[in-house]
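Subject: Structure handover

Hello,

Below is the structure we spoke about. My notes on it follow.

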Amino acid sequence: MAEEQAQERTEAATPRRLEKAREEGQVARSRDFAMAVLMLVASLGVIASAERLLRLFGELMRFNFRLERSLLFDSSSLVSHLGGSIWQAAVAVGPLLALLFLASLLGPLAIGGWSVSSKALMPRFNRLDPFAGLKRMFAMRAWVDLLKALAKFLFVTAMTLWLLYRWRSAFHTLGDLPLRPAIGEALHLLGVSFVVLCSSLVLIGLADIPWQLFEYQKQLKMTKQDVREEAKESEGKPEVKGRIRQLQREFARNRMMAEVPTADVIITNPTHFAVALRYDAERMGAPRLVAKGSDALAMKIREIAQEHGVPIVELPALARAIHHHTEINQEIPAGLYLGVAQVLAYIFQLRRQQQSGGKKPTPPQEVPIPDELRRD
């Protein structure tokens, strides 16, 4: 029982889940609203273009019924006549069909937005499963669809009865009118009735939208395990992330070690800490830390420095202070300027002695370090 509860879809769909559903063509749609909008636009379009359609189709009928007898025996003329008739019919109904095509696109877009997916066109063979079909027939969604259909039928029937009652007197007077005015009045009543009924269907479609959104969100709900798995996929598995961090640390360490031969001096603890400093008076405002490490890494820094002839100075307090208060490629704190200046002065004296000879300078034994930077 506890396992079943854990697998219940209780979590709202994540942005990634919604995006994936849209990629598969699974978006919120209300067929009732889309169909109602299409029918309403069709009724309004027919009423607005009724006079034009009657005129153009009347011309088309005259064009075809006044066909000369000689043309009946000329196949090329008949083909040309047929092409002209088709063109006149297309001109007559073209604007209305274009309006209906636009309505058929905009209706579904009202709540689901634009979605083009090739996956939605792929056949789903699981739909052929008779047991799954029976299950869908008696599912809650099927009962809701049945109730909606019944509600639509009752609502449209009520609207139709209301229109018949409202215009009962107009229907009685049709028999007293001449034929042409009676036909015109009947068509007017029929068109207005169609518009009213389609408008009532739009109201039903608007009421259907919240239900479709609720069903869509319910269908995309996730279990807690789904959310955890998605987080792992998006952020990476812990072991993969750990390996990536390890590779990043190794890359940064190798890059740092490559800077050790370019340092001016290595200051050590002497065994636990080692820091490498470089100073260029023309390009730097203060000495910069190019490498640092502790224990095994400090030993590696000292080995590389010895291989490349970089001077090593043992000043434990200064090494600890620089190690704890300076990051790689950063300048040393201002409080350590004086102490590092004494070390660099010794390095410059040592280089001069190695070039011109003379007495070897004595390395500094102790340098001033502010109390706030001292690390014991």
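A helix crossing is called left-handed if the near helix is turned anticlockwise from the far one by less than a right angle, and right-handed if clockwise. Helices (H or I, at least four residues) and strands (E, at least two) are DSSP runs numbered from the N terminus. This is a predicted model, in which local features need pLDDT of at least 70 and side-chain atom pairs count only at pLDDT 80 or more, while totals for chains, interfaces and linings use all residues. Residues are numbered from 1 along each chain as its sequence is written, and side-chain values use heavy atoms, with hydrogens and water left out.

Overall

The protein has 14 helices and four strands. Of its 376 residues, 30% are buried (under 20% relative accessible area; exposed is over 50%, partly exposed in between, with a 1.4 Å probe and protein chains only). Among contacts (heavy atoms within 4.5 Å) between residues at least 6 apart in sequence, 74% join residues at least 24 apart.

Helix pairs around H9

Helix H3 (residues 31-48) passes H9 in a left-handed crossing. Their axes come within 8 Å and cross at roughly 160 degrees; axes are lines fitted to C-alpha atoms, for helices over the stretch in contact, and angles run from 0 to 180 degrees between N-to-C directions. H3 and H9 are therefore roughly antiparallel (over 145 degrees; under 35 counts as roughly parallel, 65 to 115 as roughly perpendicular and the rest as oblique). The residues of this contact divide into 15 nonpolar, four polar and two charged. Here Ala, Val, Leu, Ile, Met, Phe, Trp, Tyr, Cys and Pro count as nonpolar, Asp, Glu, Lys and Arg as charged, and the others, Gly among them, as polar.

Helix H7 (residues 140-166) also pairs with H9 (residues 179-219), the axes coming within 10 Å and crossing at roughly 160 degrees. This pair is therefore roughly antiparallel too, but the crossing of H7 and H9 is right-handed. On the H7 side the contact includes Arg141, Lys148, Phe155 and Leu163, and on the H9 side Val196, Leu201, Trp211 and Glu215 are among the partners. The contact of H7 with H9 holds 10 nonpolar, four polar and five charged residues.

Nonpolar cores

A nonpolar core is a set of buried Ala, Val, Leu, Ile, Met, Phe, Trp, Tyr and Cys residues joined through side-chain atoms within 4.5 Å. The largest one has 23 residues, of which Ile267, Leu318, Ile322 and Leu336 touch the most other members. Strands E1 (265-268) and E2 (273-278) and helices H13 (316-325) and H14 (337-356) each supply at least two of its residues, and H14 gives the largest share, six. Leaving out residues up to four places away in sequence, Ile267 touches Phe273, Val275, Leu318, Ile322 and Val343, among others. Apart from this core lies another, of 14 residues, including Val260, Ile266, Val290 and Ile304.

Single residues

Phe171 sits in helix H8 (residues 168-174) and is partly exposed, at 35% relative accessible area. Beyond its neighbours within four places in sequence, Phe171 is in contact with Leu164 and Leu189.

Asp295 lies in the loop between strand E3 (288-294) and helix H12 (296-307) and is partly exposed at 46%. Asn329, in the loop between H13 and H14, is exposed at 52%.

Regards
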